[in-house]
Amino acid sequence: MIFIISWILNGQTFTPVVPKGAEKPVSEVARSSFANLFMSPYNGFVDAIDISIFVLVLGGFLGIVQASGALEAGIQRLVKNSKGKEVFLIVTLMALFSLGGTTYGMAEETVAFYGVVTAAMVAAGFDSLVAVGTICLGAGAGVLGSTVNPFAIGAANDALKSII
């Protein structure tokens with residue numbers, strides 16, 4: 001899409017928005033080449049290889065934990081021990097997902113947990129929507145309040161480099 005837009009806007013000039021007091025440069029749109037079109041996926045991976053490897057390693061870790069059954073056993077134990085206090089199960093799981101979100105940006109990685117947590121919540125007497133809310137709200141709150149999230153820190157570091 002950007003490739004097509006670059007051909008339509010070829011030669012057009014624009015003034016980017018800059019902070020007050022800064023010099024306003026004038027930029028010109030240059031037509032993209034077919035080589036850029038075909039190399040853009042590769043260049044995108046090269047630019048984000050650190051994030052790509054991190055997601056692959058994290059996926060492998062979650063796969064091993066799922067295959068071992070340790071996660072399922074832990075959640076089933078929580079359900080068994082929470083008879084009569086099922087609401088605390090929601091609080092506990094939200095806190096765990098929030099911890100994952102704040103430490104390593106666990107947002108999209110929660111997909112692996114939906115099956116297990118949904119089964120646990122239904123076994124505890126809740127609806128499957130409660131399970132989805134527990135995961136999404138817990139991980140989302142953690143990511144929003146990121147402390148040592150490498151994705152947020154990396155993005156902030158890159159933004160800082162572009163300013164300096």
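This is a predicted model: local features need pLDDT of at least 70, side-chain atom pairs count only at pLDDT 80 or more; totals for chains, interfaces and linings use all residues.
Let's start with the overall layout. The chain is split into domain 1, residues 1-32, and domain 2, residues 69-154. Taken over C-alpha atoms, the centres of domain 1 and domain 2 lie 44 Å apart.

Now to helix 2, residues 34-47. With 14 residues at 1.5 Å a residue, helix 2 should span 20 Å, and the distance between its end C-alpha atoms is 20 Å, so the two agree. Helix 2 also has a bend of about 50 degrees at Ser 40, with a proline, Pro 41, following within four residues.

What angle do helix 2 and helix 3 make where they pack? It is about 75 degrees, with the axes 5 Å apart; helix 3 covers residues 49-68. Angles of 65 to 115 degrees count as roughly perpendicular, so that is how helix 2 and helix 3 sit to each other. Phe 45, Val 46 and Asp 47 of helix 2 make the contact with Ile 49, Asp 50 and Ser 52 of helix 3.

Among the contact residues are Tyr 114, Val 117 and Met 121 from helix 6, and Val 130, Ile 135 and Cys 136 from helix 7.

Technical notes:
Residues are numbered from 1 along each chain as its sequence is written. Side-chain values use heavy atoms; hydrogens and water are left out. Helices (H or I, at least four residues) and strands (E, at least two) are DSSP runs, numbered from the N terminus. The expected span of a helix is 1.5 Å times one less than its number of residues. The bend at a residue is the angle between axes fitted to the seven residues ending there and the seven starting there. Domain bounds come from an automatic or database domain assignment. Contact means heavy atoms within 4.5 Å. Axes are lines fitted to C-alpha atoms, for helices over the stretch in contact, and angles run from 0 to 180 degrees between N-to-C directions. Angles under 35 degrees count as roughly parallel, over 145 as roughly antiparallel, 65 to 115 as roughly perpendicular and the rest as oblique.
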